[in-house]
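Hi everyone, thanks for coming.

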Amino acid sequence: FWDQPGEVAPPGGESWNMLTARVNAATDRLRDQAIHEDLIVVAHFGAILTQVQRGLELTPLEAFEHKIANLSLTRLTWNGAWRTTAINQIL
């Protein structure tokens, strides 16, 4: 799973691509419900990395190169497409 992220799934688990699709769908639903409002989501590093991947248009392996610290801020913006504007900020 970690060495070849994408389609490989751990026993009884989901692949990186399955996780990414699930989190992308949830993020899009939240975005659609919060039209014209800021949205704050608290999530674990895996969910955050899926959105970093999405916002920077990375491969799964490139996304795994990013480290997400506890209590850090990762910011994405929506302007017709997702863009990652901050990663792992400590305020």
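Let's start with a contact: Glu57 makes a salt bridge with Arg83, and their closest N and O atoms are 3.3 Å apart. By salt bridge I mean a side-chain nitrogen of Lys or Arg within 4 Å of a carboxyl oxygen of Asp or Glu. This pair ties together distant parts of the chain, 26 residues apart: Glu57 is in the loop between H2 and helix H3 (60-64), and Arg83 is in strand E2. Helices (H or I, at least four residues) and strands (E, at least two) are DSSP runs, numbered from the N terminus.

Quick housekeeping. This is a predicted model, where local features need pLDDT of at least 70 and side-chain atom pairs count only at pLDDT 80 or more, while totals for chains, interfaces and linings use all residues. Residues are numbered from 1 along each chain as its sequence is written, and side-chain values use heavy atoms, with hydrogens and water left out.

Back to our pair: buried or exposed? Glu57 counts as exposed, at 59% relative accessibility, while Arg83 is partly exposed at 37%. The scale here is buried under 20% relative accessible area, exposed over 50%, partly exposed in between, with a 1.4 Å probe and protein chains only.

The count comes to five salt bridges. Shared partners join Asp28, Arg31, Asp32 and Arg54 into one network. In there, Arg31 meets Asp28 at 3.3 Å, N to O, and Asp32 at 2.9 Å, N to O. Arg31 and Asp28 are about one helical turn apart, because they sit three residues apart in helix H1.

Now, the strands. E1 (residues 73-78) and E2 (residues 82-89) run antiparallel and are joined by five bridges; two strands pair if DSSP finds at least two bridges between them. Leu76, for one, has Thr84 as its bridge partner in E2. The two strands form a hairpin with three residues between them, and Gly80 in the turn has a positive phi of about 90°.

Last stop, the largest pocket. A pocket here is an open set of points on a 1 Å grid over the protein atoms alone, where a 1.4 Å probe fits, with protein on both sides within 12 Å along at least five of seven lines; lining residues have an atom within 4 Å of a point. This one is lined by 33 residues, with Leu39, Ile40, Val41, Thr74 and Leu76 nearest its centre. Helix H1 (16-33), helix H2 (45-56) and E1 each give two or more residues to that lining.
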